[in-house]
Amino acid sequence: MILLNCSTKLQILEQMLKSNFPESLKVYGAVMNMNRGNPFQKEVVVDSWPDFKTVITRRQKQAKTDDLDHYTNAYAVFYKDFRAYRKLLEEPDVINWEQVFQIQGLQDGIYEVSRAVANSKQLDVNLTSFKAVEFPPFSMPDVNSRVAPSPQLSYLSVAEADLLNRTWSRGGNEQCHRYLANLIYCFPSVCVRDENGRPVSWSITDQFATMIHGYTLPEHRRKGYSRLVTMTLTRKLQSRGFPCQGNVLDDNIASITLLKSFNVRFLPCRFHRLILTPRAFSV
């Protein structure tokens, strides 16, 4: 195991990961954030350098953690050889197997390899798989004229994390509330506000530079807000040099229809999110 804590090497790694798109996108997004201030306190582990076969991004060991917070305790993985990935997983001090955590990646073998190692360590593994998408550079006409009434575009505040926690399908708990507040504080977000200044439609960016939690309150749907929010956040990310990526469940027809209207690229690989839970926490 090699911990890359040299800024020059991290810049080199960012460029090297580009040649492995789209499978390296999750790791690439995390590394980009690290190279731009590292607001989420991440670090990178590789099996070798510079000829790596596996890259894992993780929370810094000195960062404050909650053993039940799988949202924050998140690893992104990219590998060129699944055997090298398994070998790195099995090394001591690469993964904290004593807490609930997640692994994200865009390679099918991540699930099989991670599950095999997790089973040997008495952890349960729950997999969710998504369509992965990448937005093209926008050269579309402004959509404000198609949105009525004229919306108030803004960004979210940390104080509004409670609303996001209550409306997110993955939320509804203390760990998620804290995680969402941290994302809002650290990364770009966009929202539409009503005449009283309350958010009615929004999207945020996560620690892997992925657009997540796109949501419009039911009473404000069919007004074009989701389209406006998505386009605005995409442009904001792209203006900062980030590849704009997202994920969508196969049965989320409304979101898939919206994404198709943007002419997004549905990636040939799928996004896999594994939540790993020590059996001591499963009882």
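The model is predicted.

I will start with the nonpolar cores. The largest one has 57 residues, and those touching the most other members are Leu13, Leu17, Val44, Phe135, Leu180, Leu183 and Ile204. Where does this core lie? Domain 1, made of 2-131 and 271-281, gives residues to this core, and so does domain 2, 152-268, so the core lies between them. There is also a second, separate core of 21 residues, and Tyr75, Val94, Ala118 and Leu274 are among them.

Take Val44 from the largest core. Setting aside neighbours within four places in sequence, Val44 is in contact with residues including Ile2, Leu3, Leu4, Leu10 and Leu13. Val31 and Met34 are also among the contacts of Val44. Those two residues, Val31 and Met34, are buried in helix H2. H2 covers residues 25-34, and ten of its ten residues are buried, so the helix is largely enclosed by the rest of the structure. Lys26 and Asn33 are included in that buried set.

Next, the annotated region. UniProt, in an unreviewed entry, places "domain: Glycine N-acyltransferase C-terminal" at residues 190-278. That span is 27% helix and 40% strand, and its end C-alpha atoms lie 36 Å apart.

Arg193 is in strand S8, residues 189-193. Is Arg193 buried or exposed? Its relative accessible area is 11%, under the 20% cut-off, so Arg193 is buried. What does its side chain meet? There is a polar contact of 3.3 Å with the side chain of Ser154. A polar atom of the Arg193 side chain also lies 2.8 Å from the backbone oxygen of Gly197. Other residues in contact with Arg193 include Gln152, Tyr155, Glu160 and Pro199.

Notes: Residues are numbered from 1 along each chain as its sequence is written. This is a predicted model: local features need pLDDT of at least 70, side-chain atom pairs count only at pLDDT 80 or more; totals for chains, interfaces and linings use all residues. Side-chain values use heavy atoms; hydrogens and water are left out. UniProt positions are given in the numbering used here, feature names are shortened, and annotations may be inferred rather than shown by experiment. Helices (H or I, at least four residues) and strands (E, at least two) are DSSP runs, numbered from the N terminus. A nonpolar core is a set of buried Ala, Val, Leu, Ile, Met, Phe, Trp, Tyr and Cys residues joined through side-chain atoms within 4.5 Å. Buried means under 20% relative accessible area, exposed over 50%, partly exposed in between (1.4 Å probe, protein chains only). Domain bounds come from an automatic or database domain assignment. Contact means heavy atoms within 4.5 Å. A polar contact is a pair of N or O atoms within 3.5 Å; within protein, one must be able to donate a hydrogen and the other to accept it, and residues adjacent in sequence count only if both atoms are side-chain atoms.
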